[in-house]
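I opened this notebook to keep track of what I look up in a structure that is new to me. The entries follow the order in which I went through it.

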Amino acid sequence: MDQTARKPTYDDALQLLNSTQTGFKVLEERRRLCQKLDGSAVEQMRQWIHRLGYATGDLNRLNIVHVAGTKGKGTTCAFVNSILQKYHQSHGIPRKIGLYTSPHLVAVRERIRINSEPISEEQFTTYFFEVWYALESSAIREGLDPALKPSYFRFLTLMSFHVFLRENAEVAIYEVGVGGELDSTNIIEQPAVAGITSLGIDHVATLGDTIDKIAWHKTGIFKNGCPAFTVQQVPEAMQVLEERAIEKRVKLATVEISPSLQNIDIRPAEDFQRKNASLAVKLSFTVLKKLGVATENSLKELPEHFVHGLESVVWRGRCETLISGQQYWYLDGAHTEESLEVACSWFGRISKEKEFPRVLIFNQQSTRDAVSLLKAVHHAIYHHFKLSFQHALFCTNITHKGNSYKVDFVNRNTNPDALQSLQLQKELAAVWHDMDPNTEVAALPSIEDAIDHVRNIYGGGRETQILVTGSFHLVGGALSVLEGQKFALARSTAK
Ligand SMILES: Nc1ncnc2c1ncn2[C@@H]1O[C@H](COP(=O)(O)OP(=O)(O)OP(=O)(O)O)[C@@H](O)[C@H]1O
Ligand SMILES: [Mg+2]
Ligand SMILES: [Mg+2]
């Protein structure tokens, strides 16, 4: 971009950011060569942070709460954020809270928040270009190719560090991207505290296919001298966590579901969420203690701010309900077997109370085994709840009709030919038809097509309950289409 021509806009920033996506062809090649992550990614991050003019030690000023895990990372971070936000509102401590999470639901800006608010378009643009140009000019100074940029997630991670340091955040809460050991967030040397949420199987190509290999990666965020907490895990995972804690000389404690949560309105009222909340409580106590706030570190009775923080947390796209006319939309971005079970049990519990027809909208366009995930949905709904879907719609992750994406959702990492031919969608429709021949199935080219299809099913005149799940791209796209359409929407949070 010509820097002298005009002031770059938010849209320019997003276009350039999208240009850093690795791209389908490179990803295919990596898969073909079975390339795993290696230590070079973290080393490269260190070099980039230096090129922005920081030492890695500068990050210690951020009193980081670092969270890894297979499921519940984002939610746990959101709980910590909400608790700290309540403290901030009443005591002015922490002065400023940064929150870095992924993926985003409806706008990239959501990934970088200050005091709970996504940074503004203006801030995003300013900080984006500060980082972009600093990387270019340092590359030129060092005789490197200025066109070489960190890939999408790494760029945003770098940018988040820059934003929080520039904004003088007193605490920053960081969700790991993938794994821990080799993740780009792992240049953090001395976090205030580390947390590991529930472990399960995901990202097998990069982390390994067994729970112990996955657990090993997650413990990469353990740092000598920094306390760590985890929740109850399966024994194979727990053993690895304990061994690595000893090896790294880290004090690791396991957090049980706190009895005090029984009287608190945790949403959804499921044990997995109480686990996330209990872990968040311990992480918050620890970081507040580091800031010199004397809180009673007891889980028997929670201080008022903790209760308010837990009850008022907003974390969209997870067990979210939208009511639009006669339609009850239930949206959850779950995309692993364990989390789909959780999402389906939430939907099943609510749905069995109603006689209305049920519609499933499902998509999972990455390298995950979409068929197995779909079977997990079937199993949970048909076997556990003895319920069925009258319609099952399989769409791509393209937001709008006519192959157009909202700029925040552009995804270069999926095979365009497979999207065009609806290859996966047709396969999923056939799999579902085999499992339940009574369901009417359809493969559709976009999220908007699927939503319109639902509106047309019963002429819009009949109450319907729709479960949208399998991917955050799908749920984020569905939310932006639903909210963009002129229907009166009532939002209700999961119970
Ligand atoms: N502790 C948990 N155990 C199992 N499933 C969970 C747990 N916490 C959340 N989930 C499910 O996983 C979904 C995603 O939750 P969340 O965003 O907190 O996870 P995440 O670890 O950030 O996931 P991602 O890898 O997509 O970033 C939720 O909607 C919920 O259905
Ligand atoms: Mg994940
Ligand atoms: Mg997440």
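Entry one, a pair of helices. I looked at helix H8 (residues 211-218) and helix H9 (residues 235-247), whose axes come within 8 Å. I noted a crossing angle of roughly 35° for the two axes. Is the crossing of H8 and H9 left-handed or right-handed? I found it to be right-handed. On the H8 side, I listed Ile211, Asp212, Ala215 and Trp216 as making the contact. On the H9 side, I listed Glu236, Ala237, Val240, Leu241 and Arg244. Sorted by class, the residues of this contact come to 6 nonpolar and 3 charged, with no polar ones.

Entry two, confidence. I am working with a predicted model, so I looked up its scores. The pLDDT averages 91 over the protein, and 93% of the residues score at least 70. For the complex, the predictor gives an ipTM of 0.99 and a pTM of 0.89.

I found the protein divided into domain 1 (10-311) and domain 2 (320-493). How far apart do the C-alpha centres of domain 1 and domain 2 lie? I wrote down 29 Å. I then turned to where the domains meet: 25 residues of domain 1 are in contact with 20 residues of domain 2. On the domain 1 side, helix H1 (10-19) and helix H2 (24-32) each supply at least two of the touching residues. I recorded the classes for that side of domain 1 as 12 nonpolar, 7 polar and 6 charged.

How many residues surround ligand 1? I have 22 in my notes, and the closest are Gly72, Gly74, Thr75, Arg318 and Ser339. I checked which domains take part: domain 1 and domain 2 each give at least three residues to the shell around ligand 1. Three helices came up here, namely helix H4 (73-91), helix H10 (271-290) and helix H12 (337-351), each with at least two residues in the shell. Which helix gives the most to the shell around ligand 1? I found that H12 does, with 4 residues. By class, I recorded 10 polar, 7 charged and 5 nonpolar residues in the shell around ligand 1.

Key:
Residues numbered from 1 in each chain as written. Chains lettered and ligands numbered in written order. Predicted model: local features only at pLDDT ≥ 70, side-chain atom pairs only at ≥ 80, totals over all residues. Near = placed C-beta within 6 Å. Nonpolar A, V, L, I, M, F, W, Y, C, P; charged D, E, K, R; others polar. Domains from an automatic or database assignment. Contact = placed C-beta atoms within 7 Å. Axes fitted to C-alpha atoms, helices over the stretch in contact; angles between N-to-C directions. Left-handed = near helix turned anticlockwise from the far one by under 90°. pLDDT = per-residue confidence, 0-100.
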